[in-house]
Amino acid sequence: MSGASNMSPKITRNLKIGDLEAETDKTLLLRCFIDNGTLSPLLDVNLPESIVIGRTGSGKSALLIAIEDREERAYFIDPHSISIRYLEHSDIIQFFNALGVNLDLFYRLLWRHVMVVELLRLHYEIRNERESNRLVSTLARMVERDPVKREALAYFREWGDKFWIDTDERIREITEKLSTDIKSGFGAALSNVELSVRGAMGLSQEQKTEITNRAKRVVSDLQIKKLSDLMDLLQDKVFNDRQKRYFLLIDKLDENWAETETRLRFIRALIEEIRTFRKMKNVKIIIALRRDLVDAVFEKTRDSGFQQEKYESYLVPLKWTVEELEELIEKRLNQVYRNQYTNEDVQFNDVFPRPRGRKRETSVNYILDRTLLRPRDAMQFVNECFSVAVNRERVSWESINKAELIYSQKRLASLFEEWGDIYPALAISIELLRGLKETFTRSDLSGEGLNVVTASLLSDSGDPCAVAVRQFCDPDGKTFSEADVISEFISCFYKIGVIGVKINDASGIMWADHDHAVLTKSEAKRANSMQVHKMLFRALGIRVAAGH
């Protein structure tokens with residue numbers, strides 16, 4: 001259609017270049033998928049890359065869906081189908097948590113059990129109890145002359161009639177079984193103890209010490225070895241065809257499917273099991289996680305001897321260039337117009353306005369400058385442009401400007417949702433930026449605006465900015481100065497991507513998504529010149545310099 005003289009079709013009310021959720025955008029996603037270099041290492045079972053990390057809307061789910069589409073033996077495990085809340089409310093789990101017993105090995109066992117079962121279901125297409133029992137018999141014949149593998153099969157026999165049931169029910173079965181094993185391992189020591197938080201609180205210090213020490217031994221003696229031997233058996237006898245690759249895909253781990261502390265421990269156990277499953281040469285476990293959630297997992301579950309660099313080779317950071325996003329938008333726009341209007345190729349400039357001003361600013365660059373360089377942001381802005389330009393043949397600059405206000409407000413609301421767990425009072429804190437100039441200094445954050453925001457934050461309990469404010473306002477001995485409080489706000493705003501900072505005259509403006517994700521305390525204190533991200537100009541009423 002580019003350069004054609006005929007009139008363009010009018011923009012319809014529901015025209016979109018894609019839904020913002022990958023699951024509901026699957027057909028268009030697969031037709032317009034852009035590989036920015038992350039797909040190949042994930043598909044290579046010989047490479048460790050297994051953990052896709054990125055901010056919300058960066059395309060993590062889309063990448064896993066593309067893997068499922070390309071691979072014959074790929075299967076999604078839904079974390080919502082794993083009853084973590086059942087574990088949280090299990091009497092014995094609460095009992096051990098109250099005593100401070102480390103249950104990481106228990107969580108690893110659950111993941112290992114789930115993934116071994118799913119791999120077997122994937123390979124043998126187990127759908128019912130009869131097929132499950134047939135599998136047990138098949139494996140038994142394979143190992144009848146090998147005493148080590150016969151021992152490994154004991155675990156399989158124990159659970160063989162449960163392999164076909166839903167993941168949720170299977171978790172309940174194995175938890176109840178392991179709870180029984182743990183209780184029996186204690187013998188008379190727990191005979192008169194109520195296995196609950198209240199029971200743990202009623203123990204003497206001597207009893208707590210005795211039970212805690214015994215619990216550590218019992219937990220460490222769980223059936224991890226049997227499952228490890230079973231994995232060796234499966235590698236030798238089942239998953240031994242190098243022409244057949246198997247992928248288990250896990251997404252939505254950042255959703256609210258468990259309480260925060262349990263979820264972090266369970267995700268850490270999953271990461272450890274991803275490393276364990278590397279021994280199965282043509283099997284790969286691939287998961288998607290938000291970058292901040294990965295950081296929280298490593299920070300909150302860190303134990304003695306923890307070395308984060310051991311995990312770096314497993315991480316696949318998902319980032320986009322302007323050129324890649326331009327290609328993605330163009331490809332989606334062309335596909336949507338082909339579906340609805342024409343068989344001709346449609347380019348972005350056929351629908352959006354030509355460059356403007358002395359700098360010849362293009363509309364696609366204007367849009368991408370107001371994103372965090374993520375596909376979801378770009379699609380959302382383009383979709384808003386279409387909504388404003390309904391019944392017109394083209395999107396005008398005036399339509400883009402009108403759409404920007406709606407888009408900017410939605411981006412701000414999305415930030416509140418994305419960062420709510422870490423900064424629950426962000427909607428209050430962000431008001432410190434309202435009405436500022438595009439480029440501002442530390443002194444611009446002082447004064448009446450700071451007083452209003454800090455007063456509103458005093459009643460909040462969990463937000464890091466609120467904690468800093470209370471320390472500053474503590475009449476019994478201030479541990480924070482006003483400069484410390486401002487530095488806390490700067491760290492927050494930088495981390496969530498709403499400001500960039502300049503920490504010295506020699507450096508340029510740093511942004512969390514492009515440079516490094518978190519400012520050190522020293523950097524936050526040295527930050528003097530800052531910029532508000534353009535995506536929030538309209539939502540926060542930022543005063544923009546002439547020519548911008």
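Predicted model: local features only at pLDDT ≥ 70, side-chain atom pairs only at ≥ 80, totals over all residues.
User: In what order do the strands of the open sheet stand, and is the pairing parallel or antiparallel?

Analyst: In general, strands of a sheet pair through backbone hydrogen bonds, either parallel or antiparallel. In this model, 5 strands form an open sheet in the order β2-β3-β4-β1-β5, and the pairing is parallel. The edge strands, β2 (74-77) and β5 (315-317), each pair on one side only. On average, neighbouring strands of this sheet are turned by 25° against each other, direction ignored.

User: How many bridges join β3 and β4?

Analyst: Strand β3 (residues 246-250) pairs with strand β4 (residues 283-290) in the parallel sense over 5 bridges. Within this pairing, L249 stands opposite I286 in β4.

User: Which strands does helix α3 lie across, and which does helix α14 touch?

Analyst: Helix α3 (residues 60-70) lies across β1 (51-54), β2, β3 and β4, and runs at about 160° to β4. Helix α14 (residues 291-300) packs on the sheet and touches β1, β4 and β5. The direction of α14 makes about 100° with that of β4.

User: At what angle do helices α22 and α23 pack, and which residues meet?

Analyst: Helix α22 (residues 464-473) and helix α23 (residues 482-495) pack at an angle of about 180°, with their axes 9 Å apart. Angles over 145 degrees count as roughly antiparallel, so α22 is roughly antiparallel to α23. From α22, the residues P464, C465, A468, V469 and F472 meet E482, V485, E488, F489 and C492 in α23. The residues of this contact divide into 8 nonpolar, no polar and 2 charged.

Technical notes. Residues numbered from 1 in each chain as written. Heavy atoms only, no water. Pairing = 2+ DSSP bridges. Helix = DSSP H or I, 4+ residues; strand = E, 2+ residues; numbered from the N terminus. Axes fitted to C-alpha atoms, helices over the stretch in contact; angles between N-to-C directions. Contact = heavy atoms within 4.5 Å. Parallel < 35°, antiparallel > 145°, perpendicular 65-115°, else oblique. Nonpolar A, V, L, I, M, F, W, Y, C, P; charged D, E, K, R; others polar.
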